[in-house]
Amino acid sequence: MLRRRWPLALAGLAAAAVGLLGLLAWRLVRAPIALGVLVPRIEAALGAAVGSPVSVGGAALAWDGATRHLELRVEQVEVATSADEERAVVRSAALAVEPWELLRGRLVVAAVDVLEPRLRILWRESGGLELRSGSTDQLLPVLDSIFRRAAPGLRRVGIRHGAGEIALDDTTWRADDVDIELRRERDGIGVRGHLALEVGAERVPVRLDGRYRAAAVRLAIGFRGLSPPAVAAALPRLKSVAALILPLGGVVDLRMDDELRLHGARLRLASPGGTLALVPGSPLPVGRTAVAAVLDRDAGRLEIGRLAVDLDGAPAELRAALAGLEGAGSFEAAGRLGRLPVARLASCWPEGLAPGARRVVLARVAGGELRDLQVRLAGRTLDGRLETVDGLAGGATFRQVALRPVGALPPLAGLAGTATFSQAALDLDVAGGTAGSLRVERAAVRVTGGSGAPRVAVDARLRGGVADALAALEGISPLAGIEPSQVRGEVEARVVADVPLGGPPPDLVALGLQVTASLHGLGVPRLVRGWSLTGGELSLTLGGRRLALGGEANVEGVPVTLDLRETLGERESRVLVVRARPDRAGRAALGLDPGPLLGGPVDVTARVARALDGADVVDVDADLRDARVELPPLGASKPAGAPGEAHARISARDGEVLGVPRLALSIPDATVTARATRSTDGATWSTVDADAVYTPPGRKPRSGHLGVTLRGRQFAIRSDDGGTLFRVLGKGSAAGGRLAIDGTIDLTQAGPPFDARIELHDCTVTNAPLLARVATLGSLTGIRQSLSGGGLRLERLTARLSQQGRTVRVADAAVRGPALTAVVEGTVDREADAVDLRGTLVPAYYGINTAPARLPLIGGVVAGAGGGTLQAVDFRVRGRASDPVVSVEPLSVVTLPALRRLFAVLDRPAAPPPPDAPAQRGR
């Protein structure tokens, strides 16, 4: 029967127990169950556990909804930390007891948790930790000190749901959600916990995990979401970390002694990204960041083993070491960056780091990017803060970098190469790029100014079109003013410059410019006077202001040698020497061909210099030895091989001739000197003075003289050699006599138009083909014999010549001599090579070869008779001027009225007789 009933009894007992437990749980949820009767036993057990007298104000059994545990709670616990100290008061605590000891009837406390305390924790770098009540500022026992006096059964002491302040020397942070426990371990004490720390406006979760072993404390502090600017605001000595505008998380491992004095630390931090504010107003976006650092306080050394940052997809690493945390110390750092756009260089370079070099580099370097950038930094510190930078060095490769222009130098762009830099200078080894429109084949650029006046030095080798060089070096080129796009050719150049930076653009002296260049295939259209230069092979040097340009080229197809010297900025210093050996074809190409007067090659040297008034002075020296010279008006000539020379000085401005101050020609039989000036508008010659001394044919050793004068439109010709007129006309020759030609001429028009009066006195005609043909056809034997004998003497020849267009008109031409008297008129068409002359010739046997006043009989007949006739020869010359047709009507009857007209022409007043020897002006 009993066997049948005990299961039922057991089930009833279990049901009653569950009911009691349910009732107990319901009661605990509603409110703790007071256990005042147990307070004495709890005081004894708790005092035994902590090793100090304890008083408890109340006790209760309570349910912790957070941990879902049943707890023994005590209220108003007072603990005496020592015999002479005030008691520390804990408002509420939770006790954990050993369950097996309860079965034996003993109350043994295994763990104590202080609940929701308001605390103030003070830690000093010099050592020591104080724990005070946040409400009364009462000093509380440090939890680890409880273990020193506690019974072995007390395994854990902690703080649950605490709040308050944490003070590190002079800096205080608020904290809440503080859960910390100290757990007794076999060889020491372990610390674990967490809290939320208010750093500025941020709430930073913090994890704690530490160990106390043999008088040494190791504490790992883990956190996430820490704001470096907030830390810098709270700790002024860490103000440099304010540049890190990014959330940090990681672990700091602290190494301390039993007095909690810090001896070292190890940091492992990371961030998903943010910005770096190394330069105010220039934030630099960064990606994932990681930091590993070690602090050895005993050695006074901080080492950043690795700082890795992702800068816009480019990895960057930094390693640094600080020696001397207190007092004077030193700092060293080395960094590497995979890629950095130059546009972000200003954001990465702190303003206080080598400010002189930073200012110069940022002012002149633009565009492109740096790759594999390496930086080494060394400096001095004071109390762990960087005070001065003693060394800055590094290097990088670069591409598509530009240097802004300085003064007259062209801008450098698209540069690629390697760079090295220091606190004093930036050095670029350029392997390619452009200077203006030129290609940079190689260049060395050095930018200085770390501690002195900033400068940039350039040594560049350039190649490209001459047109590009002119455009790049506009204003310092000897071809300045020429449209660059019209110039052809290639240039290879080396340019060296040392340029001060800052202030107004430097002039050429300040530039220190040194240029050596070779120009190949140079072509310049319409360089001067419409002449074009082609095929130039020239070399150019420029040192400071001194310019030299020389080499060979072709001007209108004529080979020339050029030599230019100039001090830039001083136009009057320019000197150009041109040497050439043009033949007749070359002179024709230049528009300088005098026709049959000059044949064969001529060695010419022209020196062009700038006068003070800005005009060009051209001195021309010509060696005529290899040339043939013909001077028909003078009857002089020189064969090739005979000595001869010519010299001239020409004044010009902008390629237009202003005048010829001096001209001299010398060959064995003649010497010619002249000078001339142009009108103010440059349209024509305003003055001409020319003199010639020569040996006419058949007059050796006696010399003839010829003088030519032009004043405005008035001109005059004087000579003591009548043969000059016949040689000019190309129709015969004569000897002796005095020639005078006076008239006007308009040199501004084609032709040119002129009107002149000619007078020739006392000459002997030795050759007159047209007169000989007239005499032959008219059977005038005496005239023909005189021409073939010693010559036909003329006492006077007068005529009026005028030209309009290409037609020359002959009027009032009269000849008088012992053997004949004649008048001629007509035209010569030079363009058509046609002549049409009419004339009358009266032989000497009629006795009218003298003036009527000298012939009383004939003169009276002519003067008083109303009729009467004489015999004369009328002739006509027409057809081609080079081979005219001559016709005569021999012994025609000349009526007295016609005779009167003949004498009217013969007896016109003569011009003033020419001098025997004209003045030799300009000699």
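Predicted model: local features only at pLDDT ≥ 70, side-chain atom pairs only at ≥ 80, totals over all residues.
Residues are numbered from 1 along each chain as its sequence is written, and side-chain values use heavy atoms, with hydrogens and water left out. Local features need pLDDT of at least 70 and side-chain atom pairs count only at pLDDT 80 or more, whereas totals for chains, interfaces and linings use all residues.

Four cavities of 30 Å³ or more were found. A cavity is a set of points, on a 1 Å grid over the protein atoms alone, where a 1.4 Å probe fits but cannot get out; lining residues have an atom within 4 Å of a point. Grid points are joined across faces, edges and corners, and the volume is the space filled by probe spheres set on the points.

The largest cavity holds about 80 Å³. Its lining consists of Leu119, Ile121, Gly162, Ala163, Gly164, Glu165, Ile166, Ala175, Val178, Ile180 and Leu195. Two or more of these residues come from each of β6 (118-123), β9 (156-168) and β10 (171-185), strands being DSSP runs of E of at least two residues, numbered from the N terminus. The greatest contribution is that of β9, with five residues. By class, the lining has eight nonpolar, two polar and one charged residues, where Ala, Val, Leu, Ile, Met, Phe, Trp, Tyr, Cys and Pro count as nonpolar, Asp, Glu, Lys and Arg as charged, and the others, Gly among them, as polar.

The second largest cavity has a volume of about 40 Å³ and is lined by Leu284, Pro285, Leu311, Asp312, Arg339, Leu340, Pro341 and Arg344. At least two lining residues are supplied by each of β18 (284-286) and β22 (328-341), and β22 gives the most, with three. Five residues of this lining are nonpolar and three are charged, with no polar residue.

Technical notes
1 Å grid on protein atoms, 1.4 Å probe; cavity = no way out; pocket = protein on both sides within 12 Å on 5 of 7 lines; lining within 4 Å. Helix = DSSP H or I, 4+ residues; strand = E, 2+ residues; numbered from the N terminus.
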